[in-house]
Amino acid sequence: MKRSQIVLLAIVVVLGLLVAAVVSILHDGLSARAQPSALETAIARTARKMAAPSGAHNQKNPIADSPDVQREARLHFADHCAICHSNDGSGDTMIGHGLYPKPPDLREQGTQNLSDGDIFWIIQNGVRLTGMPAFGGAGSERSHSGHSHSDSHSDSHSDSDSSWKLVRFIRHLSSLTEQERLEMEEYNPKGPDDRQEEQKENDFLSGAPAKPPSKSEQHHH
């Protein structure tokens with residue numbers, strides 16, 4: 001087969017894949033409720049592998065695993081990550097269900113087969129066209145708001161350590177105990193209704209008199 005024919009065939013194949021991807025995406029409109037097709041999933045995984053710098057894959061975790069590291073990362077995950085990923089990493093949350101694509105189950109091979117460096121890079125830099133934000137780089141932002149260079153370097157180092165500790169915790173997700181999960185629930189962000197209910201429970205247990213409903217609550221009812 002001539003070179004020109006090979007090039008033409010490659011172009012046709014690429015165009016065909018693009019058309020198939022567009023048709024797949026638009027099949028359910030632009031609804032975030034839809035599930036990504038197998039083609040979209042394959043393209044996204046390939047793009048994710050290509051997005052990370054070549055050196056990221058081979059990075060080694062500089063943070064040694066320990067019970068203290070696991071607990072710190074576990075509570076950090078509960079406060080920052082569980083709102084989308086759930087405490088157990090399943091992604092089974094209200095916000096997770098509303099994202100497109102849905103958060104991956106961090107316990108499954110799609111995540112666990114990534115290297116430590118890959119997971120660290122994703123935490124630090126996020127993933128475009130998904131709900132995964134970049135959690136790294138906070139130190140450089142602070143350096144433009146009056147903090148010294150040494151403060152910025154210290155913040156950046158702490159930020160990097162937190163991400164590496166999260167990598168350790170993600171490796172532990174499949175072995176998460178019920179006691180650890182219950183501890184995490186105490187550190188999950190709470191909305192106004194949750195705080196109010198918690199306060200009522202504390203008042204009841206302490207024997208404090210019940211507070212009358214506020215004007216806004218009376219108006220609401």
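Colleague: Is the crossing where α3 passes α10 left-handed or right-handed?
Modeller: The crossing of α3 and α10 is right-handed, meaning that the near helix is turned clockwise from the far one by less than a right angle. This is a predicted model, where local features need pLDDT of at least 70, side-chain atom pairs count only at pLDDT 80 or more, and totals for chains, interfaces and linings use all residues. Residues are numbered from 1 along each chain as its sequence is written, and side-chain values use heavy atoms, with hydrogens and water left out.

Colleague: Which residues make the contact between them?
Modeller: From α3 there are Arg-71, Arg-74, Leu-75, Phe-77 and Ala-78, and from α10 Glu-180, Glu-183 and Met-184. Contact here means heavy atoms within 4.5 Å.

Colleague: New topic: where is Ser-86 found?
Modeller: Ser-86 is in the loop between α4 (82–85) and α5. Helices are DSSP runs (H or I, at least four residues), numbered from the N terminus. Ser-86 has a positive phi of about 70°, although it is not a glycine.

Colleague: And is Ser-86 buried or exposed?
Modeller: Ser-86 is buried, at 14% relative accessible area. Buried means under 20%, exposed over 50%, and partly exposed in between, using a 1.4 Å probe and protein chains only.

Colleague: What about Leu-129, buried or exposed?
Modeller: Leu-129 counts as exposed, with 83% relative accessibility. Its phi is positive too, near 60°.

Colleague: Last one: which residues does the cis peptide bond join?
Modeller: Tyr-100 and Pro-101, with omega about 0°. Pro-101 sits in the loop between α5 (94–98) and α6 (109–112).

Notes. Helices (H or I, at least four residues) and strands (E, at least two) are DSSP runs, numbered from the N terminus.
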